[in-house]
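Here's a quick briefing for anyone opening this structure for the first time. Have a look at it, then read on.

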Amino acid sequence: MSNSLDSYLVLSGLLFAIGSFGFLARRNAISMLMSIELMLNAVNLAIVAFGSFIEPLKANASVIAIIVMAVAAGEATVGLAIVIAIYRNRRTPLVDEYDAMRQ
Amino acid sequence: MAIGLAIAGGPPGLILVLNILGFPGVRWDDVAFVLFAEIMLVSGLLVVTMRDIIRCGLAMIVCFGALAGIYVVVGAPLVAGAQVLVYIGAISVLILFAIMLTQDKAAPARLVFQTQAVPAAIAAIVLAFVITLTVTATDWGAVGTRIRNATDDVARALFSTYVLPFEVVGVLLLAAVIGGVFLARHDEGGPP
């Protein structure tokens with residue numbers, strides 16, 4: 001089971017689906033950011049799995065996964081800073097109460 | 001008795017007990033893969049469904065740790081180390097701090113989910129089904145057996161072929177840090 005590419009890809013797809021559900025369904029902005037992190041991790045797992053099973057991609061996949069991690073860290077920094085800035089103005093972390101632009 | 005033997009013997013002991021109990025030919029990495037996969041999926045589900053957001057953050061740390069274990073099983077130890085350092089060490093702490101800064105004690109959210117939660121769940125289930133179907137139906141071509149990624153190969157690729165993306169990521173991280181500090185700064189006069 002741990003020696004077939006399919007099991008890792010299915011696992012990655014399941015984690016991605018969980019993350020997409022969280023992103024679409026949660027009300028809290030930080031919960032949505034955590035769901036985005038889950039989806040990024042799922043994609044990273046798929047990349048690493050491909051690199052581990054396909055010989056020409058061997059070292060490239062690890063490098064790409066590490067670069068994706070760095071970009072995800074930058075995304076989390078800026079996203080959480082934006083959430084904190086909005087919270088300071090609106091006093092709520094719930095995204096469905098951020099309606100200033102449609103009034 | 002069997003569990004005690006398994007704990008006393010470590011991984012070989014567990015394999016021995018599993019073999020004695022009637023599961024012959026169980027390999028250690030299969031056991032580790034199933035264990036880590038179950039931990040990862042269950043804690044991922046907890047992240048998106050639990051009511052208390054602090055507990056969601058803690059479940060996310062468990063999820064990332066199990067994913068690091070899966071990276072070890074798949075044969076990318078450097079990525080597993082980076083996962084522990086970056087996700088468990090940095091991003092989780094960042095998210096926990098943001099939760100504590102924005103948590104509203106006076107009025108906890110009655111509704112955890114949006115009104116579109118049921119369509120979102122249906123869409124996610126359909127997505128998981130389609131991905132599973134696609135993955136199992138596709139012939140991936142030149143798939144070999146699992147190979148182990150040596151760390152010096154990764155380092156050689158990172159500093160020769162991928163040296164430009166590496167530098168660009170460094171600049172991007174600097175920009176993200178400056179932008180994060182600027183956005184979250186407490187401004188006395190005027191909106192931030």
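Into which domains is chain B divided? Chain B splits into domain 1 (29–102) and domain 2 (150–192), with bounds that come from an automatic or database domain assignment.

Keep in mind that this is a predicted model: local features need pLDDT of at least 70, side-chain atom pairs count only at pLDDT 80 or more, and totals for chains, interfaces and linings use all residues. Residues are numbered from 1 along each chain as its sequence is written, while chains are lettered from A and ligands numbered from 1 in the order in which they are written.

**Chain B itself**

- Chain B has 7 helices and 0 strands (helices are DSSP runs of H or I with at least four residues, strands are E runs of at least two, and both are numbered from the N terminus).
- Going from the N terminus, its elements read α-α-α-α-α-α-α.
- The centres of domain 1 and domain 2 of chain B sit 22 Å apart, taken over C-alpha atoms.
- Of the 192 residues in chain B, 22% are buried, meaning that 20 or more other C-beta atoms, placed from the backbone, lie within 10 Å of a residue's own.

**Where the chains touch**

- Chain B puts 79 residues into the contact and chain A puts in 66 residues; residues are in contact if their C-beta atoms, placed from the backbone, lie within 7 Å.
- On the side of chain B that touches chain A, helix 4 gives the most, with 12 residues.
- That side of chain B has 61 nonpolar, 13 polar and 5 charged residues (Ala, Val, Leu, Ile, Met, Phe, Trp, Tyr, Cys and Pro are nonpolar, Asp, Glu, Lys and Arg charged, and the others, Gly among them, polar).

**Two helix pairs across the contact**

- Helix 2 (residues 29–53) of chain A packs with helix 4 of chain B at about 170°, their axes 11 Å apart; axes are lines fitted to C-alpha atoms, for helices over the stretch in contact, and angles run from 0 to 180 degrees between N-to-C directions.
- These two helices are therefore roughly antiparallel (an angle over 145 degrees).
- The residues in this contact divide into 9 nonpolar, 1 polar and 1 charged.
- Helix 3 (residues 58–90) of chain A and helix 6 (residues 151–159) of chain B have axes that come within 8 Å and cross at roughly 70°, which makes the pair roughly perpendicular (65 to 115 degrees).
- Among the residues making that contact are A:Lys58 and A:Val63 from helix 3 of chain A, and B:Asp153 and B:Leu158 from helix 6 of chain B.

Note on methods. Angles under 35 degrees count as roughly parallel, over 145 as roughly antiparallel, 65 to 115 as roughly perpendicular and the rest as oblique. Two residues are in contact if their C-beta atoms, placed from the backbone, lie within 7 Å. A residue is buried if 20 or more other C-beta atoms lie within 10 Å of its own, exposed if 12 or fewer, and partly exposed in between; C-beta atoms are placed from the backbone.
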